[in-house]
Amino acid sequence: MGAGRWRRAGSALLRVTAVWAVSALTMLALAGVLPDFQLQSDNGDTITKTAFTAAWGAGAFGLLSALVWPVVVRALLVVPAFVLGALVFFLNGSLLILALRLIPDGRGTANPETAVVVAAVMSAVASAASTALAVRDDDAYRRRLSRLADRRRKRLPGTEGNGRSGPPGTVFIQLDGVGHDVLTRAAAGGLMPTVAGWLADPGGHRITPWRTDWSSQTGASQLALLHGTNHDVPAFRWYEKETGTVMVSSRPASALELQRRALARTHDGGLLSFDGASRGNLFSGGADQLALVLSMAGRRGKGRRSRAGYFAYFSDPANAVRTALSFVAEVGREIGQSTRSRLRKETPRIKRGGLYPFIRAFATVLERDVVVAAVIGDMFAGRTAVYADLVAYDEVAHHSGPYSRDADKVLARLDRSLALITKITEHTPRAYRIVLLSDHGQSLGETFAGRYGLTLKDLVRAGCGLPVPRRAQRTLSASEARDAVRIALHRPVQGTETEPASAASDPVVLASGNLGLISFPGIGGRASREEIDRRHPALLGTLANHPGIGFLLVRSERHGSVVLGAGGAEVPVAGLRDDEGPLTGFGPGAADAIRRTDTFPHVADVMVNSMYDPATDRVHAFEEQIGSHGGLGGPQSRPFLLWPRGMTDPLDVLAAEAKASRTEGPGAPVTAPHIGPVGAEAVHRVLRRWLREPSGPQVPLRPEGVAGLSHPDRPLPGARGEADPPAADTTPPDPGAGRVHPPRG
């Protein structure tokens, strides 16, 4: 304890000395440039004497700024803000003139106009130097954020001064893409000492895995976590035939539409609708306080409010310097790491050039700093519920691999952010419970294109007898598909003189990690297996028998929906069992996940899941990702939920709901002791229960509230052809209305 205190004191002394030296050098440089600023006697001085004069003047100016400036500002609080802003420069110049007069022998002189300029430059340089030296000092950063947030702190009812009373708030931190096994390994291995401390403390936190839906990606998981449902979200991107639209979860317009559909289905404002804040998420969760929320980015007014997180953060020059230096360092780090990977010929490996180093730096530095600062501000403001998404690990793991040294270093830096947030709770006006969770994991594996030399789209076109690139014709996959292509229409490869097929008849092939979706725009509704076989007799056999593909889901006119596998395997969805037939090795919960997705209105004509090797936990992504998620197979479907002891165990929450509801179906609470909660909708119900525990039930947003303007930041029914909102419910509020009921329909 004593050694740590002395070490911090020594570090602070070194920073003060360094800033003093930089300020003295700045004063010397300005004295050499500005004719009306002098640090020498009229007869001239030696260099040593001049340097001593500059050091004296810089020290006096710094001391006066630290001691006198706060008193002056406090005395001028009654002055209008715009007047005070104009006075700042003149007051700063006055302090400099006073500092110069304190120099022995009267060697420092400056006229008033020059003094204003010198004082402004020295203040800016000292601030930048101090911030740069404290870039890796989280204590200094925390103190600076505390001072900034204190200016707008909201005093809670019953709180006097710095006292803490009232129910605790809850902060949900989502570590995007961090699987259960990755987190526990990192904690046990010393990479994440903050998390390790939580788990080791008998009064700390508990952890459980949970099982995602078939679509193991942020769009589906976070929509359910924040809004209670991810019905009809079959993948990260999918094709909707009735509008000819490709929905992409990371596009603002698509995210807004998904949020609108969720609200229309649940008739509930969202997890954060009571005094909540949404930071860095795809969806708002019904929060009034928004920063970097994708679904709100495209909305007039609210979009500007969501982007305001950047402006609020960078309005502090210290934040700008800290983040800019870290951003540049991260770009250099990525270039060095990718170069090392190429030189060592590490596998699997993908290209990481172009703009990727800057994209990575945005995710691992800029987005992290802005979101963490916003969360800290929310805590100082005493908000009831905060949900924030940190995407750094997910971005790096996609390109470097989920178990790579690059990803491990990101986990270590994320742990520092968690430590900072934890330390902040000691100074907030209310107590806070920190819940850590993830939306999915990641599974490692060489890409489908890297392993077989062609993309899923190439393989589909080959199976349909459509033109494929010449490069694909020479690959292992092309040779396996060659017989199928001959059976089909013998269409030539691209580059020949034969007329290509009409674009209108071409299938739409989309990828979502190791999940592929094939849709036929020329076939109305969901195409049947029989119709596909009539039009493209080789396609389904080509796909099902490919070594890089695990299984297909397709609708049959005679047998209902079926799962197809290699060697002619065909299992009706109704009779599908885990770890049998085409699902062998995919683990518990796979069959139920497929059955649920099969009920979605926008499920693709053919759903394609890549192969999965249980011995190596490897899959083949249909995108350029060596760490992927989006389908079934391996750790991608096994995220985690970590909560403070004293909050109800998730399995107990869901078991109580199951007992109360006495129902089975898509909306019923689902659990499995060996894999934890099943589905993001079940986890949402747990999070809702935790929010109600300290303060009692909260009334969900009713349809009549949706139609009004009391919450204009939330998506409203009636957009994009949605049916009119239901009539107002005039029944009295249910005392247990805080419980989320199963979605209707």
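These legends walk through several close-up views of a predicted model. Local features here need pLDDT of at least 70 and side-chain atom pairs count only at pLDDT 80 or more, while totals for chains, interfaces and linings use all residues. Residues are numbered from 1 along each chain as its sequence is written, and side-chain values use heavy atoms, with hydrogens and water left out.

View 1. A pocket is an open set of points on a 1 Å grid over the protein atoms alone, where a 1.4 Å probe fits, with protein on both sides within 12 Å along at least five of seven lines; lining residues have an atom within 4 Å of a point. Of the 30 lining residues, Ser 250, Leu 282, Val 391, Asp 394 and Glu 395 are the closest to the centre of the second largest pocket. Helix 13 (356–380) is one of the elements that give two or more residues to this lining, and with four residues helix 13 supplies the largest share. Helices (H or I, at least four residues) and strands (E, at least two) are DSSP runs, numbered from the N terminus. The lining divides into eleven nonpolar, eleven polar and eight charged residues; Ala, Val, Leu, Ile, Met, Phe, Trp, Tyr, Cys and Pro count as nonpolar, Asp, Glu, Lys and Arg as charged, and the others, Gly among them, as polar.

View 2. His 440 sits in the loop between strand 10 (432–437) and strand 11 (443–444). His 440 counts as buried because its relative accessibility is 0% (buried means under 20% relative accessible area, exposed over 50%, partly exposed in between, with a 1.4 Å probe and protein chains only). Its side chain makes polar contacts with the side chains of Thr 218, at 3.2 Å, and Asp 439, at 3.4 Å. A polar contact is a pair of N or O atoms within 3.5 Å; within protein, one must be able to donate a hydrogen and the other to accept it, and residues adjacent in sequence count only if both atoms are side-chain atoms. Leaving aside neighbours within four places in sequence, the residues in contact with His 440 include Asp 176, Asp 394 and His 629 (contact means heavy atoms within 4.5 Å).

**View 3. Trp 690 in the largest nonpolar core.** The largest nonpolar core has 60 residues, and Trp 690 and Phe 172 are among those with the most contacts inside it. Such a core is a set of buried Ala, Val, Leu, Ile, Met, Phe, Trp, Tyr and Cys residues joined through side-chain atoms within 4.5 Å. Helix 24 (residues 680–692) gives this core its largest share, seven residues. Beyond four places in sequence, Trp 690 is in contact with residues including Phe 172, Arg 433 and Leu 641.

View 4. The peptide bond from Thr 347 to Pro 348 is cis, with omega near -5°, and Pro 348 belongs to the loop between helix 12 (317–343) and helix 13. Asp 275, which is not a glycine, has a positive phi of about 50°, as does Asp 579 at about 60°. Most residues other than glycine have a negative phi, and most peptide bonds are trans. Asp 275 is partly exposed, with a relative accessible area of 26%, and Asp 579 is partly exposed at 38%.
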